[in-house]
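Student: I should like to go through a structure with you. Could we begin with how far to trust it?
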There are 4 protein chains.
Amino acid sequence: MTEQKARPLRKDAARNRALLVQAAREVFAERGLEASLDDVAHHAGVGVGTAYRHFANKYELARAIFAEAIDEVLELAERSAAAKKPWDGIVAFLEGVAEMQTTDRGLREVLMGVHDAEQMEQVSERLSAPLQQLVERGKRAGALRPDVESTDLGIVLIMLCTVADVTGDAAPDLWRRYLPMLLDGLRADRRGSVPSVPPVPDDVLRKAMKSHKERLFRAAR
Amino acid sequence: MTEQKARPLRKDAARNRALLVQAAREVFAERGLEASLDDVAHHAGVGVGTAYRHFANKYELARAIFAEAIDEVLELAERSAAAKKPWDGIVAFLEGVAEMQTTDRGLREVLMGVHDAEQMEQVSERLSAPLQQLVERGKRAGALRPDVESTDLGIVLIMLCTVADVTGDAAPDLWRRYLPMLLDGLRADRRGSVPSVPPVPDDVLRKAMKSHKERLFRAAR
Amino acid sequence: MTEQKARPLRKDAARNRALLVQAAREVFAERGLEASLDDVAHHAGVGVGTAYRHFANKYELARAIFAEAIDEVLELAERSAAAKKPWDGIVAFLEGVAEMQTTDRGLREVLMGVHDAEQMEQVSERLSAPLQQLVERGKRAGALRPDVESTDLGIVLIMLCTVADVTGDAAPDLWRRYLPMLLDGLRADRRGSVPSVPPVPDDVLRKAMKSHKERLFRAAR
Amino acid sequence: MTEQKARPLRKDAARNRALLVQAAREVFAERGLEASLDDVAHHAGVGVGTAYRHFANKYELARAIFAEAIDEVLELAERSAAAKKPWDGIVAFLEGVAEMQTTDRGLREVLMGVHDAEQMEQVSERLSAPLQQLVERGKRAGALRPDVESTDLGIVLIMLCTVADVTGDAAPDLWRRYLPMLLDGLRADRRGSVPSVPPVPDDVLRKAMKSHKERLFRAAR
DNA sequence: TATGAATGAGAGTTCATTCAT
DNA sequence: AATGAATGAACTCTCATTCAT
């Protein structure tokens, strides 16, 4: 007497959807978004048509992967924002995301790689709250320099992930060499030379990334 | 000191080659490496055939751009390595390359974006000497932490450029906010927490980047 | 010996069949036979599978619509053949069918548009008898020129419907301008110039139309 | 010493273009516009790419055929408008176009078949002048009923061509049976029953046909 | 040598039809 | 019996690369 949930995907459909997302992660990770949907589909062991039943087009699939990835990051952000010692939360967050990247090539690809504007918006929106909390707590605890903004955290993360991304499997832990360096830049008790450039307002930054990704992405014709 | 590439090409051929590289910079800058060679050729005012006379394929053209870009970087590296105060040389180098990226989207594309492995090798090889000098001098002058390697400079540069690249035209100077932060990490008199992870030997790093770029690049079928 | 369609379908099956035909009329009317069966099925509120239970393929469904349409035409033909004044019957028939076309785009589509050969055969066969009667009575009453054949009626109808079809919703009554003109051509007391070309035997014409429609139709691969 | 016209198409390109148009005429005639460009191209003995070099898409190709066809019709219309006896001109025109259709299936297909709105506009525009002259002269000569409009000529032509189209190769001359009938409807000295429906203004008719064809055509997305 | 026409593999996408649920 | 997920062939269009002019 399996309680049939009326709405959500038939069992086989759900399985295929998952297979597709998994395959896409792998294939995109290896060959980038330039890989064809045909390849992804066959990698997943299904026909192309099936891929199109689940995702309107290739980029919707990419978005789906992305969304999953962001879920993980979001969860970590929230956990970090609730850390006992604020500073530890910040470290945990940066370290954690960088670790994720190193472990999961698919994640790395979608987080750093070529993706689209709308998705970028979403990230900012979804991550914005926990990141702000992370920063607020850090400042109140006197651990974080007062002129640090939540967006700085994002940028630092990007820098860190770039290292993880660039060194890839060949030197998967090299980013750890640069994490302390970056943390030092955020710390309240740091030596001196304050960054004189003000941070960019959240929305401007968002737009910036948006246009950046747009160029890389040119979504659909 | 570049000893002229032997047979100096007929004057018009040389001109066409230059036109093509210039056009490619512009077109690739605007639409990425995905732009078609036809477009590049017409932008240069020549036929596609001519493009193929000068470059075996599209990626050879990209390489040519890259080589030019590297020339500029190399020149700056050499100038910086000869700076009166070693520390200033380091700052000048990092600042200079970041500035280049911000100014020239084409350069940004080829330096950070999608390009190929062989090229990467070349960069490392050509930049390796001046960067080592830069670092050596910095250490000897007591400005640079003793455990900094020349490859660290490359990584820092990459991090910085990532910022410039990501924020793009919308916040073209944001990277300046993070330059001091990164410099702090390299400085001899910094607060504390030494990066415990050793740097990666030059050749390993080179290979790492190589494989990274390979994934991004998938050099023609 | 096919006595009556035998097993009259379960009530709900019959209902689904009717829903499908109705939906097909509407959808085909709006978007032509190119509309997908999926769309038709959902428009009818059933799954595609159900559509295939009732109709072997898309064109069988079109045929079913067609059959219904022909039923209407047939009925009108029979009524017209029984008109008190034979001439009025002829006018009524031509006018009536043209009116149907104007009113129901779906009908127009299947009658004039893209359909198949077998269906065409059926039409001829089913309509042949009443049309012959219509013509016979007209001639006997001295209203119709003696060299008019029942097939002429079909051709005239086609000409008229072409007008209705071509002008469509924008000038839905324009065909009325040409009805008198065409009637004049059939009338016994017309001015002169007898058509010198003999009509074509029924079966030849049938075959002609058949091949015509075949070209237009390309019945599935 | 063939006077090489600088601009226009290289010899081989011109030949291929012609081959394509010819092939398209044949293929479209046989299987309608639903035939794939691949088929047309291979029928012409060239690659698909070549087809796309010459015509932006399938419908541009159809348009090209159409334009050629219209050229022929236009020429006839002009010749007919200049006939010594106006009435003969009218007969010649209707007869001529019907004959063209019978002879050239490709022409038939494009003229009567599925084509697009813009093209329809063009036809009206290009044919409008000679048809008006044809009608004017006919009326002045007392041969044509005074309430006949140039658009009536178009409609009559369509009716005639429909016959030629429908009967196709099987009864290629059947339309001749109906030409006198239709001519009678236009003649000044005809028996009586004047069409009471006024003709439709040129532009309304044009729009009507336009929307009609649009439905049939749904030109590319 | 320069040109641009030709080629054809391959990408994204749709849809008729089948079949597991 | 009904459903809708899966399939894959087919279609349109692009573009790197070759080759006739």
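Student: What pLDDT does chain A average?
Tutor: Chain A averages a pLDDT of 76, and 71% of the residues score at least 70. The term pLDDT is the predictor's confidence in each residue, from 0 to 100. This is a predicted model, in which local features need pLDDT of at least 70 and side-chain atom pairs count only at pLDDT 80 or more, while totals for chains, interfaces and linings use all residues. Residues are numbered from 1 along each chain as its sequence is written, and chains are lettered from A and ligands numbered from 1 in the order in which they are written.

Student: Where in chain A is confidence lowest, and where highest?
Tutor: The lowest mean, 45, belongs to helix 10 (residues 202-217) of chain A, and the highest, 95, to helix 3 (residues 48-54) of chain A. Helices here are DSSP runs of H or I with at least four residues, and strands are runs of E with at least two, numbered from the N terminus.

Student: Why does a low value matter?
Tutor: Where pLDDT is low, the predicted coordinates should not be read in detail.

Student: Now to helix 9 of chain B: how many residues has it, and what is its reach?
Tutor: Helix 9 (residues 175-186) of chain B has twelve residues and reaches 17 Å from its first C-alpha to its last, close to the 16 Å expected at 1.5 Å a residue. The expected span is 1.5 Å times one less than the number of residues.

Student: Is that helix 9 of chain B largely enclosed or exposed?
Tutor: It is largely enclosed by the rest of the structure, because ten of its twelve residues are buried. Among them are B:W175, B:Y178 and B:L182. A residue is buried if 20 or more other C-beta atoms lie within 10 Å of its own, exposed if 12 or fewer, and partly exposed in between, with C-beta atoms placed from the backbone.

Student: What covers those buried residues?
Tutor: The cover includes helix 8 (150-167) and helix 9 (175-186) of chain A, together with helix 5 (86-103) and helix 8 (150-167) of chain B.

Student: A change of topic: how many residues surround DNA strand F?
Tutor: There are 41 residues around DNA strand F, and the closest are A:G49, B:N57, C:G47, C:G49 and D:S36. A residue is near a strand if its C-beta atom, placed from the backbone, lies within 6 Å of it.

Student: And which residues are closest to DNA strand E?
Tutor: For DNA strand E, they are A:S36, B:G47, B:G49, C:N57 and D:G49.

Student: Lastly, where is A:L144?
Tutor: A:L144 is in the loop between helix 7 (117-140) and helix 8 of chain A. It counts as buried because it has 22 C-beta neighbours inside 10 Å.

Terms used
Two residues are in contact if their C-beta atoms, placed from the backbone, lie within 7 Å.
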